[in-house]
Amino acid sequence: MRERALSAPLPAYVYDLAGLRAHAASVRAATPVELYYAAKANPDPRLLAALAPYVDGVEVSSGGELAHVRATLPGVRTAFGGPGKTDEELAAAVGGRPPVHRLHVESPQELLRLAALRRETDVLLRINLPVAISGAALRMSGPFGMDPEALGTCLDLLERAPWVRLRGLHAHLASGLAAAPLLEVAAQVLGWARTWMEGPKEVTLGGGMAVDYRAPDARFDWAAYGAGLASLRRAEETLRIEPGRALTAYCGWYVTDVLDVKRSHGEWYAVLRGGTHHLRTPVTKGHDQPFTVLPAEGGPARGGPVASGPVTLVGQLCTPKDVFARQVPVDRLAVGDVVAFALAGAYAWNISHHDFLMHPKPAFAYVDL
C-alpha cells in the first residue's frame with residue numbers, strides 16, 4: 001500500500017482489495033444472518049466484485065445504483081430502499097432483469113404506486129419505530145419509513161393487490177452504534193415485529209455499525225454482534241443486515257501531497273493538493289480524518305518551512321470548511337511530503353462535491369496481493 005501510495009499520480013484513492021476480502025470474510029463468518037452490502041457506502045466496481053463472494057446481496061437506494069449494480073454484478077440479489085422512489089425507478093426495480101429481490105416500501109403512497117404497476121413483487125414495509133436508542137451518530141427518522149399507524153393502510157392496499165407479496169418489515173433506525181446498543185435496538189425491533197406478524201417472517205435490521213475515526217485500528221465487534229443476533233433469532237425468522245461503512249471504510253486511503261506550509265495567527269497550516277471535494281467525510285462527520293505522513297526523500301522541497309506540533313491540514317478550495325484535520329500533532333510536515341488519509345473506503349469520493357472549483361479528479365489505484 002505504501003509503494004502504491006508513493007507511485008500513484010496525486011491525489012489518488014488507493015484501495016486494498018486483499019484487505020477488503022479478508023475483512024469481509026471475517027464478517028461473513030461471524031454473522032449467521034443474511035448479509036447485504038449497502039452500495040451507497042462505496043459503489044466502486046472493483047470493491048463490489050471483491051465483496052460479492054461474501055454477501056447474500058446488495059442494497060441499493062436509487063435507480064442509478066440499481067442499474068450500476070446489475071451491470072457490475074449480473075444476477076446478484078438486490079434490495080431497493082430509500083425514500084422518494086420515482087415511478088420510473090419502481091418500474092425498473094420490478095421489471096428489470098433480474099427484478100429486485102426485496103423492495104422496501106417507505107409509505108402507503110409508494111405502495112399504491114407500486115401496486116399500480118401490477119407486477120409480482122416481494123416487499124418489506126419500512127417501519128419507523130419509536131424505540132430507545134442511545135449513542136447514535138444518526139437517527140433515521142422523518143422521511144425514512146412510516147409510523148406504525150400507517151401499516152394498517154398498507155395491509156388494506158395489499159389485500160387488493162395480491163401480486164404484491166408482503167414478506168416482512170425493514171427497520172434501520174440509527175447509525176454509528178457499537179455492538180451492544182445495536183443489539184438492544186434489534187431486540188426492540190424484533191419484539192415489536194413479533195406482535196405484528198404471525199408465522200414465518202423477515203426482518204431487515206439495516207446497518208449502522210460504528211466506525212471510529214478517532215481510533216483507526218478499532219473495529220466493530222462482529223463476533224459479539226453475530227452471537228447476539230443468533231440468540232435473538234427464532235427458527236421461523238429470516239434476519240438480514242445491511243452494513244456499508246463498516247465493511248469498506250478500512251480498505252481505502254486518500255493520498256495526496258503538501259503544496260504549502262505556513263503560519264497564520266500563530267498556528268501551522270498545511271495546504272494539500274485536492275481537498276474535501278474529493279474526501280468530504282471529515283466535513284460531514286465533523287471529525288479529524290486520521291492520516292499518516294510519508295516524508296519526501298531528501299527533506300523539505302525547495303527549502304521551505306517545516307511544521308511541527310499541532311497542524312491544520314486543509315485543501316485547495318476557497319472555503320474555510322475545506323479542512324481534513326484541525327490542530328493535529330505531527331513530528332514534521334513540509335512541502336513535498338505525502339499524506340495518506342485512512343478510513344477513506346466509505347462515504348468519501350462518492351459523497352463529495354466533485355466539481356466545485358473544477359479541480360482535476362483523483363486517480364484510483366488498487367492493491368490486490
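The model is predicted, and local features need pLDDT of at least 70, side-chain atom pairs count only at pLDDT 80 or more, and totals for chains, interfaces and linings use all residues. Residues are numbered from 1 along each chain as its sequence is written, and side-chain values use heavy atoms, with hydrogens and water left out. Helices (H or I, at least four residues) and strands (E, at least two) are DSSP runs, numbered from the N terminus.

Helix packing was examined for two pairs. Two packed helices are described by the angle between their axes and the distance between the axes. Axes are lines fitted to C-alpha atoms, for helices over the stretch in contact, and angles run from 0 to 180 degrees between N-to-C directions. Helix H8 (residues 179-196) packs with helix H9 (residues 222-232) at an angle of about 20°. Their axes are 10 Å apart. H8 is therefore roughly parallel to H9. Angles under 35 degrees count as roughly parallel, over 145 as roughly antiparallel, 65 to 115 as roughly perpendicular and the rest as oblique. The crossing of H8 and H9 is right-handed. A crossing has this hand if the near helix is turned clockwise from the far one by less than a right angle, and is left-handed if anticlockwise.

Contact here means heavy atoms within 4.5 Å. On the H8 side, the contact residues are Ala179, Leu182, Leu183, Ala186, Ala187, Leu190 and Arg194. They meet Ala224, Tyr225, Gly228, Leu229 and Leu232 in H9. The residues of this contact divide into 10 nonpolar, 1 polar and 1 charged. Ala, Val, Leu, Ile, Met, Phe, Trp, Tyr, Cys and Pro count as nonpolar, Asp, Glu, Lys and Arg as charged, and the others, Gly among them, as polar.

The second pair is H6 and helix H7 (residues 151-159). These helices pack at an angle of about 10°, with axes 9 Å apart. H6 is thus roughly parallel to H7. Pro108, Leu111 and Leu112 in H6 meet Thr153, Cys154, Leu157 and Leu158 in H7. This contact holds 6 nonpolar residues, 1 polar and no charged.

Salt bridges were then searched for. Side chains of opposite charge can pair when their charged atoms come close. A salt bridge is a side-chain nitrogen of Lys or Arg within 4 Å of a carboxyl oxygen of Asp or Glu. The whole structure contains 18 salt bridges. In one of them, aspartate 368 pairs with arginine 21, with the closest N and O atoms 2.7 Å apart. This pair links distant parts of the chain, 347 residues apart. Aspartate 368 is in the segment after strand E18 (363-367), and arginine 21 is in helix H2 (residues 17-30). Aspartate 368 is partly exposed, at 40% relative accessible area. Arginine 21 is also partly exposed, at 27%. Buried means under 20% relative accessible area, exposed over 50%, and partly exposed in between (1.4 Å probe, protein chains only).

Arginine 240 bridges to glutamate 34, with the closest N and O atoms 2.8 Å apart. Arginine 240 lies in strand E11 (residues 237-241) and glutamate 34 in strand E2 (residues 34-38), so the pair ties together parts 206 residues apart in sequence. Arginine 240 is buried, at 1% relative accessible area. Both residues belong to a network of salt bridges that links Glu34, Arg102, Glu120, Asp122, Arg165, Arg167, Glu202 and Arg240.

Lysine 85 and glutamate 110 also form a salt bridge (2.9 Å, N to O). Lysine 85 lies in the loop between strand E4 (78-80) and helix H5 (87-95), and glutamate 110 in helix H6 (residues 108-115), so parts 25 residues apart in sequence are tied together. Lysine 85 is buried, at 3% relative accessible area. Glutamate 110 is buried at 3% relative accessibility.

The backbone includes cis peptide bonds. One joins leucine 10 and proline 11, with omega about -5°. Proline 11 sits in the loop between helix H1 (2-7) and strand E1 (12-16). Another runs from arginine 97 to proline 98, with omega near -10°. Proline 98 is in the loop between H5 and strand E5 (102-105).

Positive phi values were also noted. Histidine 265, a residue other than glycine, has phi near 50°. Histidine 265 lies in the loop between strand E12 (252-264) and strand E13 (267-272), and is exposed at 83% relative accessibility. Methionine 358 has phi near 60°. Methionine 358 is in the loop between strand E17 (338-341) and E18, and is exposed at 73% relative accessibility.
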